[in-house]
Amino acid sequence: MSESIEYPALYLKRGEDARLRAGHLWVFSNEIDVARSPLGEFAPGDVVAIVDHRGKAIGVGYVNPNSLIAARLVVRGLEHPFDRSLIVHRLNIALALRQQLYAEPYYRLVFGESDGLPGLTLDRFGDVVVGQITTAGMERQKDAITDAIVKVLAPRQVWWKNDAGIRAMEQLPMYADLGHGEYGGEVVAKEGGLVFGVDPVGGQKTGWFYDQRENRDGLARFVTGKRVLDMFSYLGGWGIRAGAYGAREVDCVDASAAAVEATARNIERNGLANRVKALRADAFDHLKALREARERYDVVILDPPAFIKRRKDFKEGSLAYRRLNELGMQVLARDGILVTCSCSHHMPRQALLDGVQQGARHLDRQVQMLVSLQQGPDHPVHPAIPETDYLKGYILRVLPA
Ligand code: SAH
């Protein structure tokens, strides 16, 4: 091993190294020994050596004195600096997994902490990469990350979609722009043999939700010949795939005009205009209108945005999930399939099912849970960081009581 590198030390209080040693990567501000290493001496994004109270280094990380998560560990030990070469190494390890999982280069390439790059998300759309940075420490490395991506993948474009709300907590600016390559050309996601046009600047998050791919694969045996409702359809991920699996009729519903227009184009380009429609409406209003009109679907898919963004919103948010699922059940056929999801990491898996069950009893229905859904393996879960296990869902059969 080469000799260790010098970084300013960030000292932890006694005992506050335990979580890091157990595998976690975060240091909260109240765990720092501010007498030995005053936080005010650091600028957002400074690279530091994270050191326990005995003076033993745990590893190299980065700090943000303005954030509740004051530091994140990037590499254990002091042998390796946090630089482009480390990022290249981590990208190659991440890439090896995705190349084994998928025949084509369309996937989440880096899932933050789970891939050893806390604060960084990268999605790959063939020869285009769309990245999202959520911390000052990663923002500081942006050029090194761009260089590392170019070295590992030689992409046509790298986009930075740095407009996530949580950036405000790190006091980072909001922007979405090209980071490498030339403007122009189309960005597409490929999934299940279909092609979806993606907008790397104006879209949601990085432009596409690869986390549901394997769950959408699982639609095949439930939708053939059926009437399907895809609520919160965004670009039509679920609904268009249901159409391709032979659904008789699919309605994709989203509140965003841009998403509905893009979905209509995706329906056309996949040759499904005879079966799949996109319409703009608020989900709750639309479900109520369908209920009043006594419309019925064989399969209802509910894949909403996160209703619980902060822990303190749990009560209100979990009620919203319950209300939504009740409305979904009210437009289901007598023996119907409900696909229900939550991407809020503050919504426990069991709480989602409990809400569905309570709603079912309220409506005098019986529910059978058939399949439990989770994020795909290109979004690996870090076992020590529960926040990385965020997507949950169920495929349920709903019957009269
Ligand atoms: N199901 C999608 C992802 C959904 S993202 C997929 O598989 O890719 C959340 C979507 O919900 C966004 O497109 C957003 O425009 C839409 N949305 C948010 N609030 C809504 C509401 N009240 N009614 C309908 N759509 C809404």
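Trainee: Strands are DSSP runs of E, at least two residues, numbered from the N terminus, so in which strand is Ile50 found?

Mentor: This is a predicted model, and in it Ile50 is found in strand β3, which covers residues 47-51.

Trainee: Is Ile50 buried or exposed?

Mentor: Ile50 counts as buried because its relative accessibility is 0%, where buried means under 20%.

Trainee: And what does Ile50 touch, leaving out residues up to four places away in sequence?

Mentor: Its contacts beyond that range include Leu10, Leu12, Leu20, Val27, Ile58 and Leu73. Of these, Leu12 is 38 residues from Ile50 in sequence, with a C-alpha to C-alpha separation of 7.4 Å.

Trainee: Switching to helices, how do the axes of α2 and α4 cross?

Mentor: The axes of α2 (residues 84-101) and α4 (residues 142-153) come within 9 Å and cross at roughly 50°, and the two helices are therefore oblique to each other. The crossing is right-handed.

Trainee: Which residues meet there?

Mentor: From α2, the residues include Ile87, Val88, Leu91 and Leu95, and they meet residues of α4 that include Ala148, Ile149, Val152 and Leu153. Taken as a whole, the residues of this contact divide into ten nonpolar, one polar and three charged.

Trainee: What about Arg124, where does it lie?

Mentor: Arg124 lies in strand β7, residues 120-125, and it counts as buried because its relative accessibility is 13%. Not counting residues up to four places away in sequence, Arg124 touches Leu95, Pro105, Tyr106, Tyr107, Leu153 and Tyr210; Leu95 in α2 and Leu153 in α4 also belong to the helix contact.

Notes:
Residues numbered from 1 in each chain as written. Predicted model: local features only at pLDDT ≥ 70, side-chain atom pairs only at ≥ 80, totals over all residues. Heavy atoms only, no water. Axes fitted to C-alpha atoms, helices over the stretch in contact; angles between N-to-C directions. Helix = DSSP H or I, 4+ residues; strand = E, 2+ residues; numbered from the N terminus. Parallel < 35°, antiparallel > 145°, perpendicular 65-115°, else oblique. Left-handed = near helix turned anticlockwise from the far one by under 90°. Contact = heavy atoms within 4.5 Å. Nonpolar A, V, L, I, M, F, W, Y, C, P; charged D, E, K, R; others polar. Buried < 20%, exposed > 50% of the residue type's maximum accessible area, 1.4 Å probe, protein only.
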